[in-house]
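Hi everyone, thanks for coming. Let's look at a chain together and then talk through its build and a few of its charged side chains.

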Amino acid sequence: MRKNIKEIIISGIRERVKGTDINEENLKTEYCVITKAYTYVKNKKLSLTPVSFGYEGNELIEGEMEKLSYPFPHIALENFEGKIIYTENIDDLSFIHYLKLSKPKAVVTNTQIKKPVFIKKFPIFYVPSFLNQEKMSIKLSIKKIKETFTNYYFDIGVGAYFLYINFPYDSVFYDEKSINFYGSFKTLLYLLEKFINVKHPRGYRIRVIASDMLHKDYEGLYQHFKNIDADRVLSVINIQNCGLGNEKIIIKNRRNLIDSYHYAKIKKIFEGQKFSFQEEKLKDYSNIDRIKLPIIWFSSQPNEFLYSLKKEFINEKLILNYVNRLYFVINNLYKG
């Protein structure tokens, strides 16, 4: 962790909600990371850069190499058990959902994946060199990590039911200077200002949560919901990769994220205000569906610079435009 990202988050929240009690959930988790990996190509040692974490298998991976060049969704129909997949290009990280169904031993790619990917069954490696061989042997070193992580949450309003505003972050992997962190974080802060200084919906509570371990399959959010009565949760608004322009409502990742009621209501709200309503399948890798609740998520996509640009490129006007629309949706979502 670079600068203490937890301090950035909690100080920013406290500045907007002065006098509000902020709860902390200190939770534990563990996972494996690959500290070193290499193979041999024509008797020359070639280092491999791990772009995934969580792999719990053997430290020696051997198998036939399968080169992929056809559309990724078709991978789900194949069985690559016992094989090592090599693919030059990965344009859409959602392919990993299909890839997992084909059960390879490992994946090697020439594409630099900028975000950490959590997978237990097999590792993914980046290599700059093109590969052309029938078999591959990968030697790696694995280390088990134990972490204590923190969720922060507080309530606005009163009522027996909750509308969740989820700001996911990652205290291990997040760069506090990255545009994907700061776009979402500024969205949260501006939204809080509106709830406090303008108004918030009546009849139910808004629970705002900054949930840790985003890149470990939203572990913070998942563990939080294990400790509450999920039947009292109306929906979860996910503030992630937003405020950068080009937001689309995410219909599904590998499964449907939003249910028919919330979809129809949001579409009606947008059309009534003559807002542009665009829907898409998520083009990123996410397992937020594991919480099994209706998820309302407006994500900026396509956005090729999401994991590479720094916060200096943030356009405050785009964030404010998005916040105004999201605020209007929240205040009208359960009216009538």
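**Charged pairs in a predicted chain**

Glu 15 is partly exposed, with a relative accessible area of 48%; here buried means under 20%, exposed over 50%, and partly exposed in between, using a 1.4 Å probe and protein chains only. Its partner is Lys 18, and the two side chains meet in a salt bridge at 3.7 Å, N to O. By a salt bridge I mean a side-chain nitrogen of Lys or Arg within 4 Å of a carboxyl oxygen of Asp or Glu. Lys 18 is exposed, at 63% relative accessible area.

Before I go on, a word on where this comes from. This is a predicted model, where local features need pLDDT of at least 70 and side-chain atom pairs count only at pLDDT 80 or more, while totals for chains, interfaces and linings use all residues. Residues are numbered from 1 along each chain as its sequence is written, and side-chain values use heavy atoms, with hydrogens and water left out.

Now, which residue does Arg 16 meet in a salt bridge? The partner is Glu 193, at 3.2 Å from N to O. This pair links distant parts of the chain, 177 residues apart: Arg 16 sits in helix H1 (residues 5-16) and Glu 193 in helix H3 (residues 179-197). Helices (H or I, at least four residues) and strands (E, at least two) are DSSP runs, numbered from the N terminus. Arg 16 is partly exposed at 24% relative accessibility, and Glu 193 is partly exposed at 28%.

Here is another pair: Arg 205 and Asp 155 form a salt bridge, with their closest N and O atoms 3.3 Å apart. Arg 205 lies in strand E12 (residues 205-211) and Asp 155 in strand E10 (residues 135-156), so this bridge ties together parts 50 residues apart in sequence. Both count as partly exposed, Arg 205 at 21% and Asp 155 at 25%. Arg 207 joins in too, linked with Asp 155 and Arg 205 in a network of salt bridges. Searching the whole structure gives 14 salt bridges.

Let's zoom out. The chain has six helices and 16 strands. Its radius of gyration is 21 Å, close to the 20 Å from the globule rule for 336 residues, so the chain is as compact as a globular protein of that length. That radius is taken over C-alpha atoms, and the rule is 2.2 Å times the number of residues to the power 0.38. Finally, buried residues make up 54% of the 336.
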